[in-house]
Amino acid sequence: MIVEPVHLANFFTVFFSAASVILFGALYALLFAWSRVRGRPRLMAMAYAAYLGLAASVVTLGYAANLFNSGFWTFIVLLMLVGYLFAPHAIWHLCVGTHAEEDEMVKISQPR
Amino acid sequence: MAALGTLSSANLNGGQKLAVKFFTVAIALFGAQVLFGMLAGIQYLKPDFLFGILDFSVNRMLHINALVVWLLFGFIGAVYWILEDESGTPVVGLGLGNLMFWVFTLAVVVVVLVYLLVQTGPGELKSIWLINEGREYIEAPRWADIGIVVCVLIFFYNVAATFMKGRFTGIGGVLVFDLVALAGLYLAGMWYTPNISMDQHWWWWVIHLWVEATWEVLVGCLLAYGLIKTMGVRRKIVETWLYIEVALLFGSGILGLGHHYFWIGTPEYWLAIGGFFSALEPIPLVAMVVHAVFDAGHHKMKSANHPALAWMIAQAFGNFFGAGVWGFMHTLPQINIYTHGTQWTASHGHLAFFGAYATIVIAFIYLAVQKWRGNVWMSGNMAGAWRWKWAMFLLHAGMIGMTMALLIAGYEQSHIERAIGGSTWMAYFEAQAGPWFQQAMTWRMISGWSFAAGFVLLAWDLMTIGKRETRPAQLPAAEAAAA
């Protein structure tokens, strides 16, 4: 396992891009969930814009932290890109599944 | 029956009476943590402050040990708080639990006094048993280690036997299995080996696996119960989410341990394992954020206890930023080689511990106070609500300020001491003398004063909130429907 330490000039880029990965990830997930909860498609477009920010951050991190110099670390970069794209979808399905019975009860209790 | 708004033990069940004792000591130890942290912070700025009276090393040790122990007291209190409610039966072995509380409290007092009275001296077998074991963060002497294990086993017996006698809910089942790990993993920190790499290898089992596995799961259980109580979220939903989060946490958190094994002399494959699983660790945190948004949308933020709910929301975000963002910033080995053990780690540690754990214990203490005062009103238009809001603001402002200041200090340290200076002894001092480091320490101290003021206000609020209220609590939707 070869690990090539970050070059001095890339210090800030690494910290900033790593933080951006998680922040854009959260923003993507939040906007995705909010768009579905409120039924606002415009928010979904913003969610995917946040994902693009995430993808740019992951690639920047990959270059700054020398991750593309090894097959294993390149795989980690791809995993982050794919994992963060589908995670909010999967989590959303779980949310809907776990709340399905509650939604049914709300429908029944509402006056017609 | 005592009047609404009056503190009365008659309002509590047996487990809850014991819980409030644990909460009281937890808040006292929280105060001790803040006090010793402030003293250590001053010593960074004025190294001769209390020189020869209270060493920096002792201050720092007390600051961190107080954190670990007040959170433990808080968690144990929170579990006793929910125990009878969840199991539907009185706590089994409550007398033993009470005995454990007094023994544990007395042991903590003795250990702290010994730390303060014997600050320097030779390290030998006798000092390991009676004064200080020497392992960072878990310095308690060997007699206290054994005492902690006995106390946790009694606690486990109380919890497991109560659920077995009553009913095993989803929360109860996860909790019991988690407590087995909580007690078992502490033993790993008592293992003796003359090889420092092996010693560190086992020591991390306590530090990392307690924090990033067993404590996170424990918090998941408490949060699940808290959401049922404050927002009326249905049990089936929170328990399903608890299982999902436990699976995600265990899937990433256990082998995420690898990021501590990068530089302690363990085999090279830990670089791959640690890097891979550390990249996965933020996923459960993102899942929690999505689910929080979903639930907030569903329940329109209606709550029976506003301060408790506010602290639970703070937990979701604090956990995400402290553990997720601040952790991932320096977790890959390519950068961790420079940041490991600098003030960067302290920055991550401060925000993660406060965000993930302190918040949930404070939320539970608010739940406890509400019931202790006869299930008093703690929703909108509450008398003296400014106190909990300002306490929360000052604590968060102080914590964010300290985190940012330590981040700047850690950045400078990793740059000058590690990357340029090559981690030499001289480079260490050169980094400490740098203007960015020094200014960061000043800002850390200023933020520390804000945090300390927030703590004082919090303690005042916990003692007085609900005192003048005469309205009964607003029931959350699910409880109201059941009633």
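Visitor: How many residues does the contact take from chain B and from chain A?
Guide: In this predicted model, the contact takes 36 residues from chain B and 38 residues from chain A.

Visitor: Nice. Which helices of chain B supply at least two residues each to the side that touches chain A?
Guide: Those are helix 8 (235-253), helix 9 (269-280), helix 10 (282-299), helix 11 (306-328), helix 12 (333-339) and helix 14 of chain B.

Visitor: And where does the largest share of that side come from?
Guide: From helix 10 of chain B, with 11 residues.

Visitor: How do the residues on that side of chain B divide, nonpolar, polar and charged?
Guide: There are 25 nonpolar residues, eight polar and three charged on the side of chain B that touches chain A.

Visitor: How much of chain A is buried?
Guide: Of its 112 residues, 36% are buried. As for contacts in chain A between residues at least 6 apart in sequence, 62% join residues at least 24 apart.

Visitor: Back to chain B. At what angle do helix 14 and helix 15 pack?
Guide: Helix 14 (residues 385-420) and helix 15 (residues 425-433) of chain B pack at about 145°, and their axes are 8 Å apart.

Visitor: Is that crossing left-handed or right-handed?
Guide: Right-handed. Helix 14 of chain B makes the contact with B:Glu412, B:Gln413, B:Ile416 and B:Glu417, while helix 15 of chain B uses B:Ala427, B:Tyr428, B:Glu430 and B:Ala431.

Visitor: What kinds of residues are those?
Guide: Four are nonpolar, one is polar and three are charged.

Key. Residues numbered from 1 in each chain as written. Chains lettered and ligands numbered in written order. Predicted model: local features only at pLDDT ≥ 70, side-chain atom pairs only at ≥ 80, totals over all residues. Axes fitted to C-alpha atoms, helices over the stretch in contact; angles between N-to-C directions. Helix = DSSP H or I, 4+ residues; strand = E, 2+ residues; numbered from the N terminus. Left-handed = near helix turned anticlockwise from the far one by under 90°. Contact = placed C-beta atoms within 7 Å. Nonpolar A, V, L, I, M, F, W, Y, C, P; charged D, E, K, R; others polar. Buried ≥ 20, exposed ≤ 12 C-beta atoms within 10 Å, placed from the backbone.
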